[in-house]
Amino acid sequence: MPAYPPDVSLEEKIRLLATKVYHAASVDFEGAALKKLRQYQEQGYGNLPICMAKTQNSISHDKNLLGAPHGYVFPVRDVQLYSGAGFVVAFAGDIMDMPGLPKFPSALNIDVDDNGVVSGLF
């Protein structure tokens with residue numbers, strides 16, 4: 001059974017995940033995150049699923065809340081639309097996402113000549 005119905009808003013999908021799956025009492029959206037969610041909704045992305053980016057060390061957003069905590073406030077500090085991949089990411093608490101690759105990855109400079117000599121490594 002899905003954690004949320006597909007036809008609810010992005011904001012409500014996050015709220016349902018936080019309360020039903022992560023046992024939060026409520027969700028605290030930072031203003032910019034809430035504004036972006038509403039823009040995504042207006043732009044027609046409200047049907048996309050939610051991916052939560054949070055610590056792996058706890059079911060909550062806080063690595064220090066061990067076990068299966070209940071009744072805490074789940075903070076959503078930012079959201080990001082990944083329309084090509086088909087989901088919206090909600091960043092909860094103090095979490096970093098992975099940096100992207102440069103425009104031209106270093107691997108493009110690596111070569112092996114006919115004698116097996118490698119060039120272009122760091």
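**Labels and their cut-offs**

Guide: Start with Asp 78. Its relative accessible area is 22%, so Asp 78 counts as partly exposed. Buried means under 20% relative accessible area, exposed means over 50%, and partly exposed is in between (1.4 Å probe, protein chains only). This is a predicted model, where local features need pLDDT of at least 70, side-chain atom pairs count only at pLDDT 80 or more, and totals for chains, interfaces and linings use all residues. Residues are numbered from 1 along each chain as its sequence is written, and side-chain values use heavy atoms, with hydrogens and water left out.

Visitor: What makes Asp 78 and Lys 36 a salt bridge?

Guide: The rule asks for a side-chain nitrogen of Lys or Arg within 4 Å of a carboxyl oxygen of Asp or Glu. The closest N and O atoms of Asp 78 and Lys 36 are 2.9 Å apart. Therefore the pair qualifies. Asp 78 lies in strand E3 (residues 73-82) and Lys 36 in helix H2 (residues 31-45), so the pair ties together parts that are 42 residues apart in sequence. Helices (H or I, at least four residues) and strands (E, at least two) are DSSP runs, numbered from the N terminus.

Visitor: How many salt bridges does a search of the whole structure find?

Guide: The search finds 4. One of them joins Glu 11 and Arg 15, with N and O atoms 2.7 Å apart at the closest. Another joins Arg 15 and Glu 12, at 3.5 Å from N to O. Glu 11, Glu 12, Arg 15 and Arg 38 are linked in a network of salt bridges.

Visitor: Where do Glu 11 and Arg 15 lie?

Guide: Both are in helix H1 (residues 10-21). They are 4 residues apart, about one turn of the helix. Arg 15 and Glu 12 are 3 residues apart in H1, again about one helical turn.

Visitor: Is Glu 11 called buried or exposed, and why?

Guide: Buried. Its relative accessible area is 19%, and the cut-off is under 20%, so the label holds. Arg 15 has 26%, so Arg 15 is partly exposed. Glu 12, at 29%, is partly exposed too.

Visitor: How do you know that the span of H1 is close to the expected one?

Guide: The expected span is 1.5 Å times one less than the number of residues. H1 has 12 residues, and 16 Å is expected. From its first C-alpha to its last, H1 reaches 16 Å.

Visitor: Which elements cover the buried residues of H1?

Guide: The cover includes strand E1 (26-29), H2, E2, E3 and strand E4 (87-92). Contact here means heavy atoms within 4.5 Å.

Visitor: Why is Thr 55 called buried?

Guide: Its relative accessibility is 11%, which is under 20%, so Thr 55 counts as buried. Thr 55 is in the loop between strand E2 (50-53) and E3. Leaving out residues up to four places away in sequence, it touches Ser 60, His 61, Asp 62, Lys 63 and Ile 95.

Visitor: What lies 3.1 Å from a polar atom of the side chain of Thr 55?

Guide: The backbone nitrogen of Asn 57. A polar contact is a pair of N or O atoms within 3.5 Å; within protein, one must be able to donate a hydrogen and the other to accept it, and residues adjacent in sequence count only if both atoms are side-chain atoms.
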